[in-house]
Amino acid sequence: MSLVRYELRLLLRQRLTIVALALLGVLTIAALVSGMAEVARQRAAIAAVPAAQAEDIDAVADYVDRTKDAGSAAYYSFHPTWDAPAPLAFAAIGMRDVAPYIQRVRALGLEAQIYDGDTFNPELALPGRFDFAFVLVFLSPLFVIALFHDLVSGEREAGRLRTLEALPHGGRALWRRRTSLRLALLWAVLSIPFVVAAAIEGVSLPVIAIVVLVTAAYLLFWVALAVLIGRLRWSSVANAATLAAAWLVLVLIVPTLGHVAINAAVPVAQGAEIALAQREAVNHAWDVPRENTMRRFYANHPEWSDSAPLGPEFHYKWYLAFHQNGDESVAKRVAAYRAGLEARDAAGRALGWVLPSVGVQGLLTRLADTDLRGRLAYQDRVRDFHARLRAFYYRYLFRDLPFGKADFDRAPVFEDVPGR
Amino acid sequence: MSVTRLIARDELRLMVRNRVAVIAFALLVLLTLVAVLSSWSHQRGNAELRARHQHEAEHAFDAQPDRHPHRVVHYGHFIFRPLGPLAAFDPGVDAFTGSSMFLEGHRQNTANFGDVRQSSLLVRFGQLTPAFVLQVVAPLLLIFLGYGALARETERGTIRMLMLQGATRGQVVRGKLMALGAVALLTGLPAMIGFVALAGQPGALALPMATIAIGYAAYLALWVVLIVLVSAAVRRSRDALLALVALWTVAVVLLPRVAPDVASAAVPLQNRLQTDVAIARDLRTMGDSHNPDDPHFAAFKRSVLDRYGVTRVEDLPVNYKGLLGLEGERLTTTLFDRYATASYDAQRRQNALVEGIGLLSPTIALRSLSMAAAGTDFAGHRRFLEQAEAYRYALVQRLNRMQAEDVSYADDTAVDAGADRRKRVSATAWQQMPDFIYTAPSGATLAAGAAPGLAIVIGWLALAAVLLALATRRLGARR
């Protein structure tokens with residue numbers, strides 16, 4: 001034990017070590033604070049939804065109440081959905097800065113609404129976020145390099161190596177001590193602030209444990225690489241240069257090459273084609289007999305087929321029916337598009353098994369539910385909600401029930417994921 | 001041969017003997033080639049896809065059957081953002097903005113289907129483009145090749161031997177600069193050749209292309225000077241390497257990520273829901289076409305009736321519903337423009353803040369220079385959005401006018417069995433609608449947008465040169 005204490009005292013006498021550890025600590029804390037601020041901003045934006053929504057829907061209700069027309073209510077009412085950040089989202093913002101986390105939908109064609117984005121500044125999104133995942137994946141290896149590149153070679157260059165090897169408790173035990181001490185220090189500087197932040201954010205214990213273990217494993221990978229290169233008995237300078245080059249290749253170059261390769265290997269039928277086809281299907285309904293539209297709709301939704309036949313006047317049930325027909329006509333394309341996105345995501349994850357940088361980023365964004373899978377899960381919840389909206393309005397339209405002010409309060413409300 | 005050139009030649013010979021250095025250099029050239037080719041094929045594929053989609057959308061629009069003009073207002077139009085020729089070198093925000101936009105009446109939609117939401121998580125690690133290679137990778141290679149240039153001589157004491165043999169400090173430093181500068185030139189050359197090949201004929205884009213070439217040359221020159229400066233200022237090679245890698249990390253990796261977070265915390269953006277609700281609120285106070293007692297629309301109706309000297313809308317020679325559409329669209333569009341301008345201005349302030357932080361990191365300055373000159377920065381995207389909005393408004397108002405003039409009020413309000421037929425306008429009308437044509441900015445506009453970034457990079461270069469001159473004076477002094 002006391003030997004480790006001596007090593008610690010020795011280590012902390014080096015200016016480079018002190019500066020590196022302090023800098024890493026400052027960066028970790030800054031990234032956590034920045035991530036927590038971003039998540040707080042997003043939570044505040046979600047918390048502001050009900051007030052704005054109430055104001056908006058009140059005006060629609062005032063207007064619709066004059067006619068009691070359920071169709072107008074369906075047409076003019078936008079219903080909010082939101083994707084509250086998971087507790088760990090502050091540590092890995094993932095796609096939350098470029099994909100919408102608040103989206104309003106109405107009971108019309110969903111495929112024309114669900115791909116809409118929110119306002120964001122693309123120049124700010126371009127370099128990526130400064131979050132804990134970034135500090136861990138991109139920056140922490142550089143600190144490993146700074147602390148480990150001269151572990152053995154530094155002693156050799158100082159002419160102490162043979163003496164150290166000959167000491168009792170020297171040699172292998174000594175290197176083990178020094179390696180684990182440095183690793184533990186780096187790990188502590190990353191993990192302690194993280195655990196504090198995670199506790200504040202209410203992250204569950206198993207998730208905290210996984211992140212802390214992943215942090216250790218990722219550091220261990222870089223330490224192992226540094227030790228391996230140290231075995232080549234090169235000079236400290238050569239070690240540092242080689243390790244920095246390895247960092248460049250593993251963290252920047254291979255992922256960017258992988259991105260190019262994946263997007264070329266997994267072509268995704270462009271989402272724009274869905275939008276074009278859906279619009280064509282929806283608008284075509286104005287140019288064909290309305291009975292055709294209703295027949296097709298009733299075939300897929302027999303529960304409404306006992307509704308009264310259409311008169312010569314415009315009826316919103318026809319309007320909403322052809323919107324739903326339009327959505328259903330592109331269902332295959334939608335499934336193919338989604339499968340393409342999932343295949344790309346899976347390919348990126350597969351790369352994560354061989355590339356620790358990608359693996360850790362993928363794991364953190366998965367735990368934080370801020371990755372593509374999280375985005376698609378949110379889309380699924382929006383789809384479910386939209387189906388409930390349709391059922392709600394259809395009951396009034398297909399049964400010709402009046403839609404009064406009080407009925408606005410009966411509309412389905414989007415439900416949060418439990419635990420957020 | 002002059003002393004300076006002798007020293008440069010000696011330094012280069014040493015680099016060539018260093019097998020790792022040669023391999024690293026070869027890898028960089030290879031990476032540049034891959035970047036040029038993949039960027040080129042990606043951009044070409046994207047440009048073709050967008051042109052094809054645009055063509056399909058135009059064809060679909062023209063092929064519409066006889067329709068009521070208001071149906072066409074809702075049928076709307078799809079437009080696709082074309083890519084400038086320089087986007088292959090630096091695609092900038094293209095992957096983040098979405099390339100297609102749906103234009104319709106009463107609504108302002110977002111640009112959708114950006115690559116960033118359609119790709120694996122790798123997209124956030126950066127994109128392999130010639131710009132990325134020169135901004136991020138090339139400086140690190142120069143660091144590896146040059147960190148020891150003077151520190152090595154100091155460490156081993158050979159610097160004093162050089163001086164004993166009659167070389168001045170200035171000659172030594174200039175020789176090292178020349179050697180590393182030659183490497184930098186070779187490093188940048190493949191990307192620049194690719195750049196010229198990608199851009200095709202320079203023509204009108206000569207000015208932004210020259211700006212990009214000068215900007216990257218200044219950036220690499222800056223790194224050469226910085227590397228020699230640090231190498232001159234420290235006593236040991238290892239310290240030089242660690243200091244330079246730290247400098248690179250802060251300037252190239254850290255600050256570009258920190259700056260946006262600072263900017264987005266300092267200047268908040270209003271999200272879409274809040275904007276939509278605010279627009280609806282403002283619209284209700286300006287004039288609510290749904291409200292029969294609305295004062296604005298009551299006054300509008302009176303003014304229309306007075307203008308035509310009639311007492312009932314039925315007696316108007318034009319279709320009152322079309323006039324209402326014109327007025328309603330005018331009102332909503334005023335609000336769209338007001339809110340969009342506010343949002344664009346907030347984003348511009350955010351970007352200005354990032355550019356301010358660019359004073360600390362020449363990489364940020366170079367990046368904004370490069371995107372601005374390539375027309376792929378936020379300003380370029382905004383140009384597209386504003387032209388799209390102008391086109392949307394003109395299209396919708398043209399259709400509203402058509403409803404006012406070509407569909408009679410009696411037909412428009414009739415509900416009998418044949419009314420639907422009578423309300424429709426002949427299909428030939430759709431072909432006469434002008435297509436969306438994006439007006440690309442002039443070369444001078446692009447180059448002007450890049451000027452601030454260029455000034456910062458050149459300012460850095462000048463500062464580093466002065467510091468190097470100061471450090472040169474103390475070179476080899478016993479410490």
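A helix here is a DSSP run of H or I covering at least four residues, and helices are numbered from the N terminus. In this predicted model, Leu141(B) belongs to helix H5 of chain B, which covers residues 130–146.

Leu141(B) counts as buried because 22 other C-beta atoms lie within 10 Å, and the cut-off for a buried residue is 20 or more. Leaving aside residues up to four places away in sequence, Leu141(B) touches Ala24(B), Phe25(B), Leu28(B) and Thr187(B). Ala191(B) is 50 residues from Leu141(B) along the chain, and the C-alpha atoms of the two are separated by 15 Å.

## Chain A

Chain A has 420 residues, and 47% of them are buried. Its secondary structure consists of 18 helices and two strands. Among the contacts in chain A with a separation of 6 or more, 84% join residues 24 or more positions apart.

The radius of gyration of chain A is 29 Å, whereas a compact globule of 420 residues would have a value near 22 Å. The C-alpha trace of chain A spans about 100 × 40 × 35 Å along its principal axes.

## Contact between the chains

Chain A contributes 73 residues to the contact, and chain B contributes 78 residues. On the side of chain B that touches chain A, the largest share comes from helix H10 (residues 237–266) of chain B, with 15 residues. By class, this side of chain B has 40 nonpolar, 25 polar and 13 charged residues.

Terms used: Residues are numbered from 1 along each chain as its sequence is written. Chains are lettered from A and ligands numbered from 1 in the order in which they are written. This is a predicted model: local features need pLDDT of at least 70, side-chain atom pairs count only at pLDDT 80 or more; totals for chains, interfaces and linings use all residues. Two residues are in contact if their C-beta atoms, placed from the backbone, lie within 7 Å. Ala, Val, Leu, Ile, Met, Phe, Trp, Tyr, Cys and Pro count as nonpolar, Asp, Glu, Lys and Arg as charged, and the others, Gly among them, as polar. The radius of gyration is taken over C-alpha atoms; the globule rule is 2.2 Å times the number of residues to the power 0.38. A residue is buried if 20 or more other C-beta atoms lie within 10 Å of its own, exposed if 12 or fewer, and partly exposed in between; C-beta atoms are placed from the backbone.
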